[in-house]
Amino acid sequence: MCRTLSTFPITCLERAKEFKTRLGIFLHKSDLGSDNGSLRKFEWSSKHCKERNFSEDVLGWRESFDFLLSSKNGVAAFHAFLKTEFSEENLEFWLACEEFKKIRSATKLASRAHGIFEEFIRSEAPKEVNIDHETRELTRTNLQAATAACFDVAQGKTRTLMEKDSYPRFLKSSAYQDLASQASATNASPSNCSPAEPLYT
């Protein structure tokens, strides 16, 4: 976790720059661009209806954590933010669990379950998530007869941690505050766009 610039001055700044760049990349898909990666200002195009839908999506991220996780752009922005705090493993684990639940083959389910455990759950895992020993051991036991629900407890605790800890900081970040301000301005401008038109298909 990037707590203070005095602790990791160079690395933290690099992470912040990466956050800017990542936001710029996915915003570009909506005819939005960053000013040389600056968090200070994103240039908005006023020509397309999808801009309004995107701005509504951005404003929705602050309504609830569920809304953020249901938004493709929201997840991308949140992941970029988490990388600046060295805690992206929490979201990556949550996403891995969501994909894991879609597996229908028992053989693939078991194989993927062990892969997720090795990557995120075991002690000293490459992307070890912050869960208690009891949850870790329960998850290990669940692997003996893997089902789509074997990570539910660990996933739930990781989600709660993000919602109570990382999510509020994301909403208070200058990057999101700037983005939300411009989204509000876009929604306030006159438009003949249909609100039903999706941003992405």
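How many helices and strands does the chain have? In this predicted model, the chain comprises nine helices and two strands, where helices (H or I, at least four residues) and strands (E, at least two) are DSSP runs numbered from the N terminus. Their order along the sequence is α-β-β-α-α-α-α-α-α-α-α. Residues are numbered from 1 along each chain as its sequence is written, and side-chain values use heavy atoms, with hydrogens and water left out. As the model is predicted, local features need pLDDT of at least 70 and side-chain atom pairs count only at pLDDT 80 or more, whereas totals for chains, interfaces and linings use all residues.

Of the 201 residues, 43% count as buried; buried denotes under 20% relative accessible area, exposed over 50%, and partly exposed the range in between (1.4 Å probe, protein chains only). The accessible surface of the chain amounts to about 11000 Å², and carbon and sulfur atoms contribute 52% of this area. Accessible areas come from the Shrake-Rupley method with a 1.4 Å probe, and for residues only the protein chains shown count as cover. Among contacts (heavy atoms within 4.5 Å) with a separation of 6 or more, 62% involve residues 24 or more positions apart.

Helix packing was examined for α7 (133–142) and α8 (residues 152–172). These two helices pack at an angle of about 145°, with their axes 8 Å apart. Axes are lines fitted to C-alpha atoms, for helices over the stretch in contact, and angles run from 0 to 180 degrees between N-to-C directions. T135, L138 and T139 of α7 meet V153, A154 and K157 of α8 in this contact. By class, three residues of the contact are nonpolar, two polar and one charged; Ala, Val, Leu, Ile, Met, Phe, Trp, Tyr, Cys and Pro count as nonpolar, Asp, Glu, Lys and Arg as charged, and the others, Gly among them, as polar.

The structure contains ten aromatic pairs. Rings of Phe, Tyr and Trp (its six-membered ring) pair if their centres lie within 6.5 Å, and planes under 30 degrees apart count as stacked, over 60 as edge-to-face and the rest as tilted. One of the pairs, W61 with F170, is tilted, with 6.4 Å centre to centre and 35° between the planes. Because W61 lies in the loop between α2 (49–60) and α3 (65–70) and F170 in helix α8, this pair ties together parts 109 residues apart in sequence. W61 is buried at 0% relative accessibility, and F170 is buried at 1%. The pair of F93 and F120 is also tilted, with ring centres 5.6 Å apart and planes at 50°. F93 in helix α5 and F120 in helix α6 are 27 residues apart, and their pair links distant parts of the chain. F93 is buried at 0% relative accessibility, as is F120, with a relative accessible area of 2%. Ring pairs also link W61, F65, F78, F81, Y167, F170 and Y176 into a cluster.

Backbone geometry was considered at two loop positions. Most residues other than glycine have a negative phi. F86, although not a glycine, has a positive phi of about 60°. This residue is found in the loop between α4 (72–84) and α5 (88–100) and is partly exposed, at 24% relative accessibility. E124, likewise not a glycine, has a positive phi of about 65°. The loop between α6 (106–121) and α7 (133–142) holds E124, which is exposed at 67% relative accessibility.
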